[in-house]
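Work through the following exercises with the sequence and the three-dimensional model at hand, and compare each step with the solution given.

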Amino acid sequence: MIGLLGLNHKTAPIKVREKFVFCEEDVKRFVPQLIDAGINGAIVVSTCNRTEIYFDYTEKDIFDCTSTLAKMLFDWRKADKSVGSHFYHKFQEEASLHLFRVASGLDSMALGEYQIVGQLKDAFAIADKYELHSPTLIRLFNKAFEAGKKVRTETALSKGAVSVSYAAVELANEKLHNLCSHPTLLLGAGQTGELTLQNLLKKGCDKFTIINRTAEKAQELANRYKGIAKEFSELQNELVKNDILITSTASKKPLVTKDMVEKVMIERQNKPMFFVDLSVPHNVASDVAEIENVFVIDVDDLQAVVERTFGKRRGEIEKAEKIIAEFVTDFSDWQHTRNLTPTFQNISDNFKKINEAELEGFIKRQSKDNTDEASMYADHITNKFIRLMIKNVKSITDNGRKKEYIELVNDLFKIAP
């Protein structure tokens, strides 16, 4: 059984989302607690726009999927239970549908964006690394990757799609006159940082500096795009020199504080600064926006920019939804068919036991040795009946969905001691 507990940019503001961001170490420590509580495995997807826990549980478990998991999560983050109103709970087809839409870019702030695929693969890789998933979750995520690929291949949903980093540069361009004349500081050298840099270059911005906690990564990115790399210790000095800061790091604490910026503004003689914080949790402290001539936007502020690109691609959503519906049905059929595995084994064992007993008696009554021929024919008839019975059982039980029928078939094919 598949379950999902999550929140995203549609259900919770950044101040709530940032409380539930998971890094690899968090996943490594938290998911084993869920497994100890009774689930079979879990995969945690954590991005700037969402935190979602996909988990596998058995129907007979005492584990209360809606309240126990949520309570453990809130206790883990020391969050008040009132934040529960921002979370959604989904099960079975509803949970797989949600994941397939996420993988296809239908649930992203930027419709059709591709970055989420890499983030899902990272989440899967972490679960795989620490053996936190289950066969059902492995199948679920592989189907999600297939669904996302097919949607992007067979529809134009991703054509003209924008990313959060693109929206950030567009907004900066709107707010500032002659964007390319303003020196820009990029804090963070990860995937989002690089995408932001690419979008800045498209606007003709070639005056940029890169800072990252790992200096080698900053230097590597700077070399690739002909920029300047600086040590993290030089952050405050670089803020003085640059008009724009775009930040996207995994830091759990603000890297740019009000006290720091106040000192910077004195040195800049109060020359305006524009901060774009693409990080969750925030890299720029919330009170920085209180400083005169300092303008701060975060990922939630980019929604209006992203919305402008929706119109051209809304017609592709229906096509994408049809593709996804097929994958949901396929995964559901596979999942329910697994309920029939013991039944299929019973049918096979029963027929084979009868085959062996009857074949033994038949051979003993023969005057000449034709054991091989008799055995081959008996196996042929037996396997034919087994396949026929399995086909009928799938049909009668609706691929394992009608559990009362499964119990009846199991009773019919009980093997006598």
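A pocket is found on a 1 Å grid over the protein atoms alone, as an open set of points where a 1.4 Å probe fits, with protein on both sides within 12 Å along at least five of seven lines, and its lining residues have an atom within 4 Å of a point. The model is predicted, so that local features need pLDDT of at least 70 and side-chain atom pairs count only at pLDDT 80 or more, whereas totals for chains, interfaces and linings use all residues. Residues are numbered from 1 along each chain as its sequence is written, and side-chain values use heavy atoms, with hydrogens and water left out.

**Exercise 1.** Describe the largest pocket and its lining.

Solution. The volume, taken as the space filled by probe spheres set on grid points that are joined across faces, edges and corners, is about 1,300 Å³ for the largest pocket. Its lining has 47 residues, and those nearest the centre are Ser46, Gln119, Thr192, Thr249 and Ala250. With helices (H or I, at least four residues) and strands (E, at least two) taken as DSSP runs numbered from the N terminus, at least two lining residues come from each of α2 (24-37), β2 (41-46), α5, α7 (164-175) and α8 (191-202). The most is given by α5, with 6 residues. Counting Ala, Val, Leu, Ile, Met, Phe, Trp, Tyr, Cys and Pro as nonpolar, Asp, Glu, Lys and Arg as charged, and the others, Gly among them, as polar, the lining divides into 21 nonpolar, 19 polar and 7 charged residues.

**Exercise 2.** Work out how α4 and α5 cross, and which residues make the contact.

Solution. Axes are lines fitted to C-alpha atoms over the stretch in contact, with angles from 0 to 180 degrees between N-to-C directions; those of α4 (residues 93-103) and α5 (residues 115-129) come within 8 Å and cross at roughly 125 degrees. Therefore α4 is oblique to α5, since angles under 35 degrees count as roughly parallel, over 145 as roughly antiparallel, 65 to 115 as roughly perpendicular and the rest as oblique. The contact (heavy atoms within 4.5 Å) joins Leu99, Val102 and Ala103 of α4 to Ile116, Val117 and Leu120 of α5. These residues comprise 6 nonpolar, no polar and no charged.

**Exercise 3.** Locate the cis peptide bond and give its omega.

Solution. The cis bond joins Val280 and Pro281, with omega about 5 degrees, and Pro281 lies in the loop between β9 (273-277) and β10 (294-298).
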